[in-house]
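Open the model in your viewer and keep the selection panel at hand. Here is a short tour, stop by stop.

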Amino acid sequence: MRVDDYRCTARRDDRPYTEVHDSFTIAYVRRGSFGCHARGRRFELVRGAVLVGHPGDEYTCTHDHAVGDECLSFHFNAALADEVVGGEWRTGALPPLGELVVVGELAQAVADGNADLGLVEVGIWLASRFAGVGGDNRRASREPSPSDRRRAVTAADWIDANATDQIELDDVAGEVRLSPFHFLRVFSATLGVTPHQYVVRARLRRAAQLLATETCSITDVALDAGFNDISNFVRTFHRAAGVSPRRFRQLARGDRKILQDRLAPRL
């Protein structure tokens, strides 16, 4: 396995060009956003989304709506990809999913030297979780217009900046000057998740960051991430991570038995 902490410097007016995946790849978008054309489909990737690559497949990245994206990219050789994921690899993208964002944020904490695990270990866990949600990349049959795609990405950026506050659908729709009904359709069709799902997963990202890198109490983590109901936070996080917030923190601090238990069914 190879791991790259990639920072894109492309600008909006740069001409896109075709690239080729050289490995089985899972790239976690940790900051910024960008577009991707692959296998006749168009994706907009925002924070928490995942770019997926298969060796030899072509793709084109665009930056019509944003610049400065950063990804933590895991590249697997064929033997490891087959062992962990099997035949479920395909070029494309997945929207921000709870099962992946919590592991993606843990991986970033490891890459930054703030968690006591190895990147290979967390990369295998990310791949095993990817295998479990691989069918969740459904997109609307009708492609949103370029202006609507731009509005959806702008709205996601606004949610990221305000996720710890109380957010109503009308608030976000107003930010991009759409009716709530039309905004809901545009956002879901462009990004693959509803605005509410994106809010929850933005909060999960924040919670995973705090659990992996800070020593504050679980209650403080929940409140800081935007969860006002502690029991709801514990349930939501456990459902996404497969472990409780407390166990997730223990894992980040080097309790490999927890990770071994998560990977045992796959390996």
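Predicted model: local features only at pLDDT ≥ 70, side-chain atom pairs only at ≥ 80, totals over all residues.

**Stop 1: H2 and H3**

Select residues 98–111, helix H2, and residues 119–133, helix H3. Their axes come within 10 Å and cross at roughly 170 degrees. With angles over 145 degrees counted as roughly antiparallel, that makes H2 roughly antiparallel to H3. The crossing of H2 past H3 is left-handed.

Now show the side chains where they meet. On the H2 side, pick Glu99, Leu100, Val102, Val103, Gly104, Leu106, Ala107, Val110 and Ala111. Their partners in H3 are Leu119, Val122, Trp125, Leu126, Arg129, Phe130 and Val133. Colour this contact by residue type: 13 residues are nonpolar, one is polar and two are charged.

**Stop 2: H7**

Move to residues 195–213. This is helix H7, 19 residues in length. From first C-alpha to last, H7 reaches 27 Å, close to the 27 Å expected at 1.5 Å a residue. How many of the residues of H7 are buried? The count is 14 of the 19, so H7 is largely enclosed by the rest of the structure.

**Stop 3: Aspartate 160**

Select helix H4, residues 146–162, and find aspartate 160 in it. Is aspartate 160 buried or exposed? Its relative accessible area is 18%. The cut-off for buried is under 20%, so aspartate 160 counts as buried. Show what surrounds the side chain. Beyond neighbours within four places in sequence, aspartate 160 is in contact with Arg47, Tyr198, Ala202 and Arg205.

**Stop 4: Valine 221**

Go to helix H8, residues 218–225, and pick valine 221. Valine 221 is buried, at 0% relative accessibility. Leave out residues up to four places away in sequence, and valine 221 touches Ala207, Leu210, Leu211, Cys216, Phe233 and Arg249. Then draw a distance back to alanine 111.

**Stop 5: Alanine 27**

Finish on a strand. Select E3, residues 24–31, and centre on alanine 27. What is the relative accessible area of alanine 27? It is 3%, so alanine 27 is buried. Which residues does alanine 27 touch, not counting those up to four places away in sequence? They are Ala49, Val50, Leu51, Cys71, Leu72 and Ser73.

Key:
Residues numbered from 1 in each chain as written. Heavy atoms only, no water. Helix = DSSP H or I, 4+ residues; strand = E, 2+ residues; numbered from the N terminus. Expected span 1.5 Å × (residues − 1). Buried < 20%, exposed > 50% of the residue type's maximum accessible area, 1.4 Å probe, protein only. Axes fitted to C-alpha atoms, helices over the stretch in contact; angles between N-to-C directions. Parallel < 35°, antiparallel > 145°, perpendicular 65-115°, else oblique. Left-handed = near helix turned anticlockwise from the far one by under 90°. Contact = heavy atoms within 4.5 Å. Nonpolar A, V, L, I, M, F, W, Y, C, P; charged D, E, K, R; others polar.
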